[in-house]
Amino acid sequence: MLIKDVCKLCHVTKKALVYYEDKGLISPLIMENGYRDYSQKDIKIIKEICVLRHCGISVSDIKIILLDTNKKTVIKKYQKLNNLHIESYLKMNESLQRLTQNYDIEKEFNHLVEKNDCLLTVREKLILAFPGCYGLFLSLHFGRFLNESIDTKEKHKAYVQMIHYLDHLVISQELVDYMKSIFNDKYDIFALEQQIYLDTTNAFHDFENYFKEHQEQLENYIEYKLSDEYKNSLVKKVQEEILIFQKETGYQDNFIENLKILSSSYREYLHQLEKLNKQYIYKFPQVQEFSSNALNTYFLKN
């Protein structure tokens, strides 16, 4: 089916179809004359994209859903998030209504402290707890695992311990400058986060395919990490300082262990990454020389 017919059938624009193709969501056959021929499979996917977009799901997240074999389970996550956002907006509106009737900040503050734990996601709470680049930096690196609410006593305890740990960290000026540098106009940090998520999801889904598509990148990365250029670089020095910093500050026990309690998706990610890392080391035994969790290092680097 030609693009003009697809546009009419699926109620989409030509630019939307080109965009979806560019993002790898659809792959129509390109004929000798340069025209695109959309198959029934393409039509089905386009309709699925339209429905998911109507539900407010981003294109990058739709790509993840299209790859997943258990779509109902994945959709339940977005339904839960949507319900949380609706509930949160309703509570915000209630607060505004109370403030218009009686601008009692003390009363509203107490209400906020009492009620907000179960409404805000961990990600939202971190950004509120740490304004500026610090909270955004945490959100960037762990944001995809933080879209769960604090709805149990165990989670609340873990969150309090995490906040206490983060709030008492002594961070060097160099690290502060680094965090600031990634939030300038040069970088689309949210696109970066989504790309890392997509890469890891694709690798989890089918490592053999991912390996074939990214073999050259993986090999170049390993070659660089084993080179004298890297060993004498500022990048290596910063990475070593971060590892020392994490060890000395109890990063694993105080941050990671509490994050595992707060986020079921993070626990699953670590489980999948461990299995994937074994496959990666099997393909490239030399990576053990520079990382015990080599594949995670690769994803965070790219």
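A crossing of two helices is called left-handed if the near helix is turned anticlockwise from the far one by less than a right angle, and right-handed if it is turned clockwise. The model on display is predicted.

**First stop**

Select residues 207-225, which form helix 12, together with residues 264-283, which form helix 16. Which hand does the crossing of helix 12 and helix 16 have? The crossing is right-handed. The two helices pack at an angle of about 60 degrees, and their axes lie 12 Å apart. Helix 12 is therefore oblique to helix 16.

Next, display the side chains at this contact. From helix 12, show Phe207, Glu208, Phe211, Leu218, Tyr221 and Ile222; they meet Leu276, Gln279, Tyr280 and Lys283 of helix 16. Coloured by class, the residues of this contact comprise seven nonpolar, one polar and two charged.

**Second stop**

Now move to helix 3, residues 40-54, and helix 4, residues 59-67. Here the packing angle is about 130 degrees, with 10 Å between the axes. Helix 3 and helix 4 are therefore oblique to each other. Their crossing is right-handed.

To see the contact, select Ile45, Glu48, Ile49, Leu52 and Arg53 in helix 3, which meet Val59, Ile62, Ile65 and Leu66 in helix 4. How many residues of each class does the contact of helix 3 with helix 4 have? There are seven nonpolar and two charged residues, and no polar ones.

Methods: Residues are numbered from 1 along each chain as its sequence is written. This is a predicted model: local features need pLDDT of at least 70, side-chain atom pairs count only at pLDDT 80 or more; totals for chains, interfaces and linings use all residues. Side-chain values use heavy atoms; hydrogens and water are left out. Axes are lines fitted to C-alpha atoms, for helices over the stretch in contact, and angles run from 0 to 180 degrees between N-to-C directions. Helices (H or I, at least four residues) and strands (E, at least two) are DSSP runs, numbered from the N terminus. Angles under 35 degrees count as roughly parallel, over 145 as roughly antiparallel, 65 to 115 as roughly perpendicular and the rest as oblique. Contact means heavy atoms within 4.5 Å. Ala, Val, Leu, Ile, Met, Phe, Trp, Tyr, Cys and Pro count as nonpolar, Asp, Glu, Lys and Arg as charged, and the others, Gly among them, as polar.
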